[in-house]
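I opened my notebook for a new model today. Here is what I looked up, entry by entry.

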Amino acid sequence: MDNHPWLPNISRIQDMLREIGVEEIDELFQDVPEDLILRRELKVGYDSPLSEEEIRWRLGQVAERNLKLKYPPFLGAGAYPHSIPSVIKFILTRSEFYTAYTPYQPEVNQGLLQALFEYQSLMAELLEMDVVNSSHYDWGGSLAEAVLMAHRINGRRKVVVPESINPLHEQVLRTWISGKELEVVKVPTGKDGKVDLDFLSSLNPDEISSVYVQQPNFFGVVETELEYVTEWARKNNVVSIVGVSPLSLGLIKSPGELGFDIAVGDGQELGIPLNFGGPYSGILATRMDMKLVRQMPGRIVGMTQDVNGKRGFTLILQTREQFARREKATSNITTNEALIALANAVYLSLLGRNGIKELATEIYKRSHYALKRMEDEELGTRKWESDFFEEFTFVFRSDYDRIHSELLKRGIHGGLKLGPREALFCVTEVHTKRAIDDLINAIKEVA
């Protein structure tokens, strides 16, 4: 067999087959149904290898097909445009960080362990929770892990979530619990856009394993009576879980202050750019209760002393299946988002307590300015009168598909369509007054 320009060592396939005692390569695929096997060469590539310059030119051609926006998109729904200090990329691209994988001899890698310890500490302070693990993949995964934690603790089989949950998080949750025979019960949204507490009170708590609320909820509405949820859960031995947008904590009560058992979220808002869906980092934190801590998936880094009395770092909890018998593992997650967690730590260190508060205030003001302009121009009506952070739902007087299409022609990406005339708009610190005014004026022209 001749050498192939794209497949190294293809000329040595027969040598490799002889080494493993196989005569024909088809024997390796005998379990694949015959009707699924492709009996021709793949039609890939450009018939011949390309030089670096040719590849660069072709990629440039593809990139030119992307739509160029005048401003950052007014699109949120779980992934948000924010300003990212350049120092974050500088630190992340240091080779000792960006090449590091899960440390299987962890104590050797003191630098990475310290970085993760700092992430845990900063996130614990932001959330006002006691224990934070060293990250998951994303918000949905952290939520699913929290629900499974609750089920292992109390053995109950009903999971209460609000209708105002991010639908993508709900999909992840349902996928993860599908083999556990758990039932999802949805609490309707009240006329004010918040969780219907009367419906929650009507449920039989003896059947409920955990109750989850999102703050702010998917529609941007700030829930104002979450103390009722935590008190109800505590009284009935139900595990309370809150999903929170980290930057909103500059203005609203933290999960710890509200008394939640578990807090989850995503670190995307803390120094991570929009990037076609990831990577992001899932946040998971609990209060100091060993029933909760012992069920936490992933890993926790702790600070200790070495034999010489110097400060050192070590993994103090690691419940992944590599470190425990498979049936004893709390999760089959095999890695974490260490590099993204490091970015979160750098971001939080740069802004500090006052910076987070100032940023949250600026986001609040700009998003409320955008809503006021829409209302003043009589483009439609706000769906709920409740206060909101960063996102709001607006009902237009005309079809939103046409509005959105016309906005794109002007280089402006509008909000997320929720219904024929409804859209969810996101406004953050990256949206200047000019950008907001241009958005409103463009909608006024086409609506």
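The entries below go from ground rules to rings, contacts, backbone and surface.

**Ground rules.** I am working with a predicted model, where local features need pLDDT of at least 70, side-chain atom pairs count only at pLDDT 80 or more, and totals for chains, interfaces and linings use all residues. Residues are numbered from 1 along each chain as its sequence is written, and side-chain values use heavy atoms, with hydrogens and water left out.

**Aromatic rings.** I began with the rings and found 9 aromatic pairs in the structure. For Phe, Tyr and Trp (its six-membered ring), a pair needs centres within 6.5 Å; planes under 30 degrees apart are stacked, over 60 edge-to-face, and the rest tilted. Phenylalanine 218 and phenylalanine 219 make an edge-to-face pair, at 5.5 Å centre to centre and 70° between the planes. Both phenylalanine 218 and phenylalanine 219 are buried (buried is under 20% relative accessible area, exposed over 50%, partly exposed in between, with a 1.4 Å probe and protein chains only).

I then turned to phenylalanine 392 and phenylalanine 425, whose planes meet at 15° with centres 6.1 Å apart, so I logged the pair as stacked. Phenylalanine 392 sits in strand E11 and phenylalanine 425 in strand E13 (residues 422-426), so this pair ties together parts 33 residues apart in sequence. Helices (H or I, at least four residues) and strands (E, at least two) are DSSP runs, numbered from the N terminus. Phenylalanine 392 is buried at 2% relative accessibility, and phenylalanine 425 is buried at 0%. I also noted that one aromatic cluster takes in Phe388, Phe392, Phe394, Phe396, Tyr400 and Phe425.

**Serine 386.** Which residues does serine 386 touch, leaving out those up to four places away in sequence? I found Asp192, Lys194 and Val221, where contact means heavy atoms within 4.5 Å. A polar atom of the serine 386 side chain lies 2.4 Å from the backbone oxygen of aspartate 192. Serine 386 is in the loop between strand E10 (380-382) and strand E11 (391-396), and its 11% relative accessibility makes it buried.

**Aspartate 437.** I looked up this residue in helix H14 (residues 433-446). Its side chain makes a polar contact of 2.6 Å with the side chain of arginine 373. A polar contact is a pair of N or O atoms within 3.5 Å; within protein, one must be able to donate a hydrogen and the other to accept it, and residues adjacent in sequence count only if both atoms are side-chain atoms. Aspartate 437 is buried, with a relative accessible area of 13%.

**Backbone.** I checked the peptide bond between glutamine 215 and proline 216, and it is cis, with omega about -15°. Proline 216 is in the loop between strand E4 (208-215) and helix H9 (226-235).

Serine 135 has a phi of about 90° and is buried, with a relative accessible area of 4%. Glutamate 378 has a phi near 55°, and at 57% relative accessibility it is exposed. I placed glutamate 378 in the loop between helix H12 (338-376) and E10.

**Valine 172.** This residue lies in helix H7 (residues 167-177) and is partly exposed, at 25% relative accessibility. Beyond four places in sequence, I found that valine 172 touches Gly140 and Gly141.

**Leucine 36.** My last entry is leucine 36, in the loop between helix H1 (13-19) and helix H2 (52-63). Leucine 36 is exposed, with a relative accessible area of 61%.
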